[in-house]
Amino acid sequence: MMWIIDRFEGEFAVLEGETGMLTVPRSSLPADIREGDAVTALPDGRYALDAGRSEQRRKQLSSLFERLKKK
């Protein structure tokens with residue numbers, strides 16, 4: 001399942017997915033993770049960055065923002 005990093009709260013990260021919100025220890029995420037990045041859950045309880053989906057989301061959001069600025 002894909003999750004999006006919504007925000008960081010101290011030593012925890014709040015993830016948003018299709019089924020709702022999830023709070024996980026920040027230590028279960030890659031060290032270079034940022035808000036807005038897409039991650040997938042690994043069987044051992046850690047999460048891996050999905051770089052392709054993260055970049056795709058950034059491009060989509062940037063395009064949407066540019067369209068909204070023109071209105």
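**Entry 1: contacts and overall layout.** I began with how far along the chain the contacts reach. Among contacts in the protein with a separation of 6 or more, 29% join residues 24 or more positions apart. I noted for myself that I am working with a predicted model. Next I counted elements and found 1 helix and 5 strands. Read from the N terminus, their order is β-β-β-β-β-α. I also looked up the extent of the C-alpha trace, which is about 45 × 25 × 25 Å along its principal axes.

**Entry 2: surface and interior.** I asked how much of the protein counts as buried. The figure is 24% of its 71 residues. The accessible surface comes to about 5100 Å², and carbon and sulfur atoms hold 52% of that.

**Entry 3: the core.** Which residues make up the largest nonpolar core? I listed 10 residues: Trp3, Ile5, Phe8, Ala13, Leu15, Val24, Leu29, Ile33, Val39 and Tyr47. Strand E1 (2–9) and strand E2 (12–17) each supply at least two residues of this core. E1 gives the most, with 3 residues. I then picked Ala13 from the list and looked up its contacts. Leaving out residues up to four places away in sequence, Ala13 touches Arg7, Phe8, Leu22, Thr23, Val24, Arg26 and Leu29.

**Entry 4: two serines.** I went to Ser28, which sits in the loop between strand E3 (20–25) and strand E4 (38–41). Is Ser28 buried or exposed? Its relative accessible area is 10%, so Ser28 counts as buried, the cut-off being under 20%. Beyond residues up to four places away in sequence, Ser28 touches Gly45, Arg46 and Tyr47. I also checked Ser28 against Lys59: they are 31 residues apart in sequence and 26 Å apart in space, C-alpha to C-alpha.

My other serine was Ser54, in helix H1. Ser54 has a relative accessible area of 3% and is therefore buried. Its side chain reaches the backbone nitrogen of Ala38 at 2.8 Å. Setting aside neighbours within four places in sequence, I found Ser54 in contact with Asp37, Ala38 and Leu49.

**Entry 5: a leucine patch.** I finished on the surface, where Leu61, Leu64 and Leu68 form a nonpolar patch. Together they have about 270 Å² of accessible area. I looked up Leu64 by itself and placed it in helix H1 (residues 51–69). Leu64 is partly exposed because its relative accessible area is 37%, which falls between the 20% and 50% limits.

Technical notes:
Residues numbered from 1 in each chain as written. Predicted model: local features only at pLDDT ≥ 70, side-chain atom pairs only at ≥ 80, totals over all residues. Heavy atoms only, no water. Core = buried A, V, L, I, M, F, W, Y, C linked by side-chain atoms within 4.5 Å. Buried < 20%, exposed > 50% of the residue type's maximum accessible area, 1.4 Å probe, protein only. Helix = DSSP H or I, 4+ residues; strand = E, 2+ residues; numbered from the N terminus. Contact = heavy atoms within 4.5 Å. Patch = residues over 30% accessible without salt bridge, like charges linked within 9 Å, V, L, I, M, F, W, Y side chains within 5 Å. Areas by Shrake-Rupley, 256 points an atom, 1.4 Å probe, with all protein chains shown as cover. Salt bridge = Lys/Arg side-chain N within 4 Å of Asp/Glu carboxyl O. Polar contact = N/O pair within 3.5 Å; in protein donor to acceptor, adjacent residues only side chain to side chain.
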